[in-house]
Amino acid sequence: MTGDERGRAEAAHGAVALEAPTRLATREPPEDGMGWDDPAEGYRAEMAAVALHHKISAQTLPVRSYIDATVTPLLIQALLALGKERPSNPVDWLAAYLLQNDPARAERGS
């Protein structure tokens with residue numbers, strides 16, 4: 001069966017023939033002058049977008065991956081420091097260490 005005959009047969013049976021795209025879409029680089037008027041503002045906006053993406057990504061991770069990505073690095077540092085210090089009240093010391101060294105808290109400025 002030739003391509004023309006196949007097209008007529010598909011049309012007769014209600015099938016839709018799909019054609020392959022003749023050219024792939026390409027993304028052109030932006031023109032000069034296109035973009036942020038204030039590069040610093042653009043950078044801050046991009047960083048805010050990345051932070052939001054990371055926050056959303058972290059919230060959708062499985063539990064183990066979430067803990068490994070958000071808590072484990074700081075907790076390991078805290079436990080190593082706890083082993084060196086050996087305070088009389090290790091739980092309070094550990095809690096204070098975690099709060100003082102929390103990178104998310106430093107970003108919020110609290």
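Analyst: Helices here are DSSP runs of H or I with at least four residues, strands are E runs of at least two, and both are numbered from the N terminus. This is a predicted model, where local features need pLDDT of at least 70, side-chain atom pairs count only at pLDDT 80 or more, and totals for chains, interfaces and linings use all residues. Residues are numbered from 1 along each chain as its sequence is written, and side-chain values use heavy atoms, with hydrogens and water left out.

User: Is Arg86 buried or exposed?

Analyst: Arg86 is exposed, with a relative accessible area of 68%. Exposed means over 50% relative accessible area, buried means under 20%, and partly exposed is in between (1.4 Å probe, protein chains only).

User: And what about the phi of Arg86?

Analyst: Arg86 has a positive phi of about 50°, although Arg86 is not a glycine. Arg86 follows α4 in the chain.

User: OK, tell me about α4 then. How many residues has it got?

Analyst: Helix α4 has 14 residues, 72-85. From first C-alpha to last, α4 reaches 20 Å, close to the 20 Å expected at 1.5 Å a residue. That expected span is 1.5 Å times one less than the number of residues.

User: Which residues of α4 are buried?

Analyst: Leu74, Ala78 and Leu82. They cover an arc of only 75° around the axis, so they are on the same side of α4. The arc is taken from the directions from the helix axis to the C-beta atoms.

User: Why would residues a few places apart point the same way?

Analyst: An α-helix has 3.6 residues a turn, so residues three or four places apart point the same way.

User: What do the buried residues of α4 pack against? And what's exposed on the other side?

Analyst: The buried ones pack against α5 (90-101) and α6 (103-108). On the other side of α4, Leu80 and Lys84 are exposed.

User: Zoom in on Ala78. What is Ala78 in contact with?

Analyst: Leaving aside neighbours within four places in sequence, Ala78 is in contact with Trp93, Leu94, Tyr97 and Leu98. Contact means heavy atoms within 4.5 Å. Ala78 counts as buried, at 0% relative accessibility. The C-alpha atoms of Ala78 and Ala96 are separated by 9.7 Å, and the two residues are 18 apart along the chain.

User: New topic: how many salt bridges does the count come to?

Analyst: The count comes to 1 salt bridge, meaning a side-chain nitrogen of Lys or Arg within 4 Å of a carboxyl oxygen of Asp or Glu. Arg64 forms it with Asp68, and their closest N and O atoms are 3.3 Å apart. Both lie in helix α3 (residues 63-70), 4 residues apart, about one turn of the helix. Arg64 is exposed at 63% relative accessible area, while Asp68 is partly exposed at 37%.

User: Which residues form the nonpolar patch on the surface?

Analyst: Leu61, Val63, Tyr66, Ile67 and Val71, with about 420 Å² of accessible area together. Leu61 is in the loop between α2 (39-60) and α3. Patch members need over 30% relative accessible area and no salt bridge; nonpolar side chains (Val, Leu, Ile, Met, Phe, Trp, Tyr) are joined within 5 Å, like charges within 9 Å. Areas come from the Shrake-Rupley method with a 1.4 Å probe; for residues, only the protein chains shown count as cover.

User: Last one: how many helices and strands does the protein chain have?

Analyst: The protein chain has 6 helices and 0 strands. Of its 110 residues, 6% count as buried.
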